[in-house]
Amino acid sequence: SRLLQHCLPRQTLFITGKGGSCVDPIVGEDLEAVVSAANFSPEGCSVEELMEALGSWSLIVRQQAAVELGKRDENVVAELIAMLDSPNRYARYGACVGLEYAGRKSEAAVDAMVAEIENDRDMTLRFFAVNSLKLPRRGAKENGLGSAVQKATTSLLKLASTYEPEQDPRRKLQKEIANLLFYGGRAQKHQGYFPRGEGSETLDRDLLIAAMKSWLINPNGAARSDASQVFEHLSEEELKQVWGNVYHATRYPAPSGVMFSGGVRYNGIKLMANHGVKEGLDVGIRIVAHETGWGDFGRKGAGFPALMPYGQALEPHYPELEGVIDSWAAMRNEDRQKSARKFAELLATAKETKAPKLTSIEAYIDAYEKAAEGKAGNGGRVEE
């Protein structure tokens, strides 16, 4: 279906298949393996059978076996760590998931997976290892790695600032690390090490700033949004190092991950408004009052309140903001009408609030753009 989306506008679609499929059908033992994977039931398996199932080609079988291992009394941490070096790549992936559910708070297991993340050339293994280091919510994965995963923080921060164009051109591993460290919502079964950025003040500042610069140019909007939760925990001196990154991540939407890409833009508006940044005023108005299309409710719902600290500095834009209020008030949607009333109250307060002293970050934006031009074309493993 994705390919069709690309082909149709170009008018280069060809309907094929008349001559039969070029893909060999699944038959015999291969077909039996596929069916048995779909019917895999871990409850009746012995621990030895569950360990064997961790080497299955099916990631669903591996996941089910790992969850069941986490319910058993047997401690198989040593065996799972050894499995990280198995010649069977599926077993190596399964070992990561197995430790996630049956790692029994083992720091040795965390160290072993960090070593794989830092040194292995198999990006899929590194991806599974990072995801297995997520901090579970209270009561989840009782026999898993628990808080021992936080031992990996420094290594993960270093990795987040390292760009590998051959191994990971779309920075997917960095996206997972941002989520692992800072996720604070309710939609997933894990909590970030520093949910919503809380506690990030304890992190090594040089490592954090380097990672922030990398996350804010990640092509995935969710990575940028997770990282943006740290904004309010940065000092004035630290903000000077990332203002250019913050401005661009706010001004320009990420090219992918649109569903979760708004957070960095709202947080960017809020940060610039709270610090009286002149450039944030026009960017915020553009996002709130003029951008249309998918995500409109989020852009206005979060962006409108974020602009209000500008107070009377918003005066040239009152008509645009009132237009947003009027358009939502006219909708046959109770939530939009309710928000319109809230916006009207916020704008009325802003009109009575003295404008802050505005400062410019133009120099930081220019420096960011020059640095970005200088990095274009770099290859290999690059420290941001």
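I started with Glu 49 and found it in helix α3, which covers residues 47–53. Remember, as I keep reminding myself, that this is a predicted model. I then asked how open Glu 49 is: buried, exposed or in between? Glu 49 comes out as partly exposed, because its relative accessible area is 42%, which falls between the 20% and 50% cut-offs.

Glu 49 belongs to a negative surface patch, together with Glu 48, Glu 52, Asp 73 and Glu 74.

**Aromatic rings**

I moved on to the rings and asked how many aromatic pairs there are. With ring centres required to lie within 6.5 Å, the count is 7 aromatic pairs. One of them joins Tyr 90 and Tyr 93, with 6.3 Å from centre to centre and 80° between the planes, an edge-to-face arrangement. Where do Tyr 90 and Tyr 93 sit? I found both in helix α6, residues 89–102; they are 3 residues apart, so about one helical turn separates them. I also checked their cover: Tyr 90 is partly exposed at a relative accessible area of 26%, whereas Tyr 93 is buried at 3%.

Then I turned to Phe 297 and Trp 328. Their ring centres are 5.4 Å apart and their planes meet at 5°, so I noted this pair as stacked; the cut-off for stacking is under 30 degrees. Which helices hold the two partners? Phe 297 is in helix α16 (residues 296–307) and Trp 328 in helix α17 (residues 318–329), so the pair ties together parts that lie 31 residues apart in sequence. Trp 328, by contrast, is buried, with a relative accessible area of 0%. I followed the ring pairs onward and found that they link Phe 297 and Trp 328 with Phe 304 and Phe 343 in a cluster.

**A glycine to finish**

My last stop was Gly 280, which I located in helix α15, residues 278–290. Is Gly 280 buried or exposed? I wrote down buried, because its relative accessibility is 0% and the cut-off for buried is under 20%. I also looked up how far Gly 280 is from Ile 269, 11 residues away along the chain: their C-alpha atoms are separated by 6.0 Å.

Technical notes:
Residues numbered from 1 in each chain as written. Predicted model: local features only at pLDDT ≥ 70, side-chain atom pairs only at ≥ 80, totals over all residues. Heavy atoms only, no water. Patch = residues over 30% accessible without salt bridge, like charges linked within 9 Å, V, L, I, M, F, W, Y side chains within 5 Å. Areas by Shrake-Rupley, 256 points an atom, 1.4 Å probe, with all protein chains shown as cover. Salt bridge = Lys/Arg side-chain N within 4 Å of Asp/Glu carboxyl O. Lys, Arg positive; Asp, Glu negative; His and termini not counted. Charge placed at Lys NZ, Arg CZ, Asp CG, Glu CD. Helix = DSSP H or I, 4+ residues; strand = E, 2+ residues; numbered from the N terminus. Buried < 20%, exposed > 50% of the residue type's maximum accessible area, 1.4 Å probe, protein only. Phe/Tyr/Trp six-rings, centres within 6.5 Å; stacked < 30°, edge-to-face > 60°.
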